[in-house]
Amino acid sequence: AGPEAWSPLAGFAAVNAEMLAFAQRHKPQKTAILDMDATLVETFKKEARYSNKGHRAYQPLNTWWAKQELLVHTEFRAGNVPAGFKQKRVLEQALTLLPAGVKHVRLRSDTAGYQRESLRFCESSASERFGRIVFGVGCPVDAAFKRSVAALPESA
């Protein structure tokens with residue numbers, strides 16, 4: 001089971017949408033460059049789950065609009081939820097909060113964003129409003145990746 005929307009925090013999405021619209025009116029941007037990243041926040045609460053770092057934590061997944069310097073979307077998560085868990089769904093939710101006037105979206109993420117479902121969504125123009133989402137996402141460089149790259153012709 002993954003993170004669930006926590007009803008006491010549901011109103012923050014509406015507040016975020018209003019703040020983003022305000023920022024857009026005062027500093028309009030046609031392109032939103034979004035950074036998605038999960039951050040481990042260590043805690044000593046007994047209810048908190050252990051993270052992959054071995055301590056109790058929470059791990060919110062945040063979507064940040066670089067040029068506006070504002071948080072677009074955040075999802076509160078337990079510390080044991082992998083950073084890449086359901087990033088496509090979180091991205092889709094973040095896109096709904098972007099204000100009028102934004103025509104294009106670019107996405108940046110570390111290796112947690114290397115999720116087939118998310119990358120296909122971005123590449124396939126599945127977003128009706130924004131079309132293709134250009135992305136820069138880290139890729140785990142393991143032995144299989146190195147072999148695949150080595151097999152490509154130099155021209156690739």
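Before going on, some ground rules. This is a predicted model, where local features need pLDDT of at least 70, side-chain atom pairs count only at pLDDT 80 or more, and totals for chains, interfaces and linings use all residues. Residues are numbered from 1 along each chain as its sequence is written, and side-chain values use heavy atoms, with hydrogens and water left out.

Back to our pair. E75 lies in strand β6. R77 sits in the loop between β6 (70-75) and α2 (87-97). Helices (H or I, at least four residues) and strands (E, at least two) are DSSP runs, numbered from the N terminus.

Is R77 buried or exposed? R77 counts as buried because its relative accessibility is 1%. E75 is buried too, with a relative accessible area of 9%. Buried means under 20% relative accessible area, exposed over 50%, partly exposed in between (1.4 Å probe, protein chains only). The R77 side chain also reaches the backbone oxygen of P82, at 3.4 Å.

Next, the strands. β5 pairs with β6 in the antiparallel sense, over 5 bridges. Two strands pair if DSSP finds at least two bridges between them. W65 has L70 in β6 as its bridge partner. The hairpin of β5 and β6 has 4 residues between the strands, and there E69 takes a positive phi near 55 degrees.

β5 has another neighbour. Strand β1 (residues 31-38) runs antiparallel to β5, joined by 5 bridges. D35 stands opposite W64 in β5. β1 also pairs with β7, in the parallel sense, over 6 bridges. There, I33 stands opposite R106.

Which residues make up the covered face of β1? They are A32, L34, M36 and A38, while T31, I33, D35 and D37 form the uncovered face.

Now α2. Its buried residues are Q87, K88, V90, L91, A94, L95 and L97. An α-helix has 3.6 residues a turn, so residues three or four places apart point the same way. The cover over the buried residues of α2 includes α1 (11-26), β1, β5, β6, β7 and α3 (116-123). That cover is a matter of contact, meaning heavy atoms within 4.5 Å.

Last stop, the cavity. The structure holds 1 cavity of 30 Å³ or more. On a 1 Å grid over the protein atoms alone, a cavity is a set of points where a 1.4 Å probe fits but cannot get out; lining residues have an atom within 4 Å of a point. M36, Q87, L91, L107, S109, G113 and S118 line the largest cavity. α2 and β7 (104-109) are the elements giving two or more residues to that lining. By class, the lining has 3 nonpolar, 4 polar and no charged residues. Ala, Val, Leu, Ile, Met, Phe, Trp, Tyr, Cys and Pro count as nonpolar, Asp, Glu, Lys and Arg as charged, and the others, Gly among them, as polar.

Note on methods. A polar contact is a pair of N or O atoms within 3.5 Å; within protein, one must be able to donate a hydrogen and the other to accept it, and residues adjacent in sequence count only if both atoms are side-chain atoms. On a 1 Å grid over the protein atoms alone, a cavity is a set of points where a 1.4 Å probe fits but cannot get out, and a pocket is an open set with protein on both sides within 12 Å along at least five of seven lines; lining residues have an atom within 4 Å of a point. Grid points are joined across faces, edges and corners, and a volume is the space filled by probe spheres set on the points.
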